[in-house]
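Some notes on this model follow, as numbered points.

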Amino acid sequence: MVEDEEDTAKTLAKGLRQEFYAVDIAADGQAGIDKALSHLYDLLILDVRLPIKDGRVVCQELRQAGLQIPILMLTASSAVNDRIKGLDAGADDYLVKPFDIGELLARVRALLRRKPLLPDPTIRIDTLEINTRSRTVSRDGQAVRLTAKEYALLECLARDADTMLNRETISERVWDETYDPFSNLIEEYIKRLRKKIDFAGTKPLIRARRGEGYILTAKDFA
Ligand code: CA
C-alpha cells in the first residue's frame, strides 16, 4: 500500500491484516515504486496524492517497468476526469475517498480473483491436494483443517514444489516486512503443517535442509 497519510494507512492495513493479507506500507511515490519492483506483491493499493511522485506517475512507471499486478487507486475526487486519468495511467480499479473498509476489501477480493489463475485450481503432490480457489486441503483423501497462515505457507511451498525456498522468500511471501528474521515463527508453522500434512502412514513431503530452507517434494530427498 502506498499511502502517505499515516492514520489512513494504519487503519487500512489493520483491516487488511484482519483478513489475513500481509501488508507493506510505503509513504511516498518513489518508496512505493522501489518496494513494488523489489518485492513479490499480489496487489497494489495506491493513493493518488502522494509526496515525491503522485499515484498516477507511480502507476505509469510501474506499468512501463512491466509490473502487471492489479492496482487499486485511491482518489480524493469523484470527478470523472480524475477517474479516467487513473485508469489511463494503468490502474485496474479506483475507490473514491472516503470509503468504507468493507468496500475496499470487496474490491481487493475482486481484483485478486481477476488475477490469471492456474488453469486447474488444484495442486496435487503425492496424495496431497490443495484447491487454491476454495483454499481447502486434503491428504490421503482426508480433509485437513488449516489456519489461514498455515494454508498460506503450504500454498507458498506447493506453488514452488521441488524447489528449496529460503526463509527470506517464505517470510516475504507469507508474512510481510514486519516479520522478525530472528524469530522461529517459520519453524513453528512448518512443525504444525507437518503434523497435519505428513501424518503417520504418509510419505513426508515437507522437508528441511539446515541453513538452506524448506522444500515440498514427493521426490527422493537426501
Ligand atoms: Ca495522500
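1. Cys59 has 0% relative accessibility and therefore counts as buried; buried means under 20% relative accessible area, exposed over 50%, and partly exposed in between, with a 1.4 Å probe and protein chains only. Cys156, at 9% relative accessibility, also counts as buried. With a disulfide taken as a pair of cysteine sulfur atoms within 2.5 Å, the count comes to zero disulfides.

2. On provenance: the model is predicted, local features need pLDDT of at least 70, side-chain atom pairs count only at pLDDT 80 or more, and totals for chains, interfaces and linings use all residues. Residues are numbered from 1 along each chain as its sequence is written, and side-chain values use heavy atoms, with hydrogens and water left out.

3. Strand β2 covers residues 71-75, and five of its five residues are buried, so the strand is largely enclosed by the rest of the structure. Ile71, Met73 and Thr75 point one way from β2, while Leu72 and Leu74 point the other way. Helices (H or I, at least four residues) and strands (E, at least two) are DSSP runs, numbered from the N terminus.

4. β1 (residues 44-47) pairs with β2 in the parallel sense over four bridges; pairing requires that DSSP finds at least two bridges between two strands. Ile45 is opposite Leu72 in β2. Between β1 and β2 the chain passes through helix α3 (residues 55-64), a right-handed β-α-β crossover. Right-handed means that, with the strands pointing away from the viewer, the path from the first strand over the helix to the second runs clockwise.

5. β2 also pairs with β3 (residues 93-96), in the parallel sense over four bridges. Val96 in β3 is the bridge partner of Thr75. The chain goes from β2 through helix α4 (residues 80-88) to β3, and this β-α-β crossover is right-handed.
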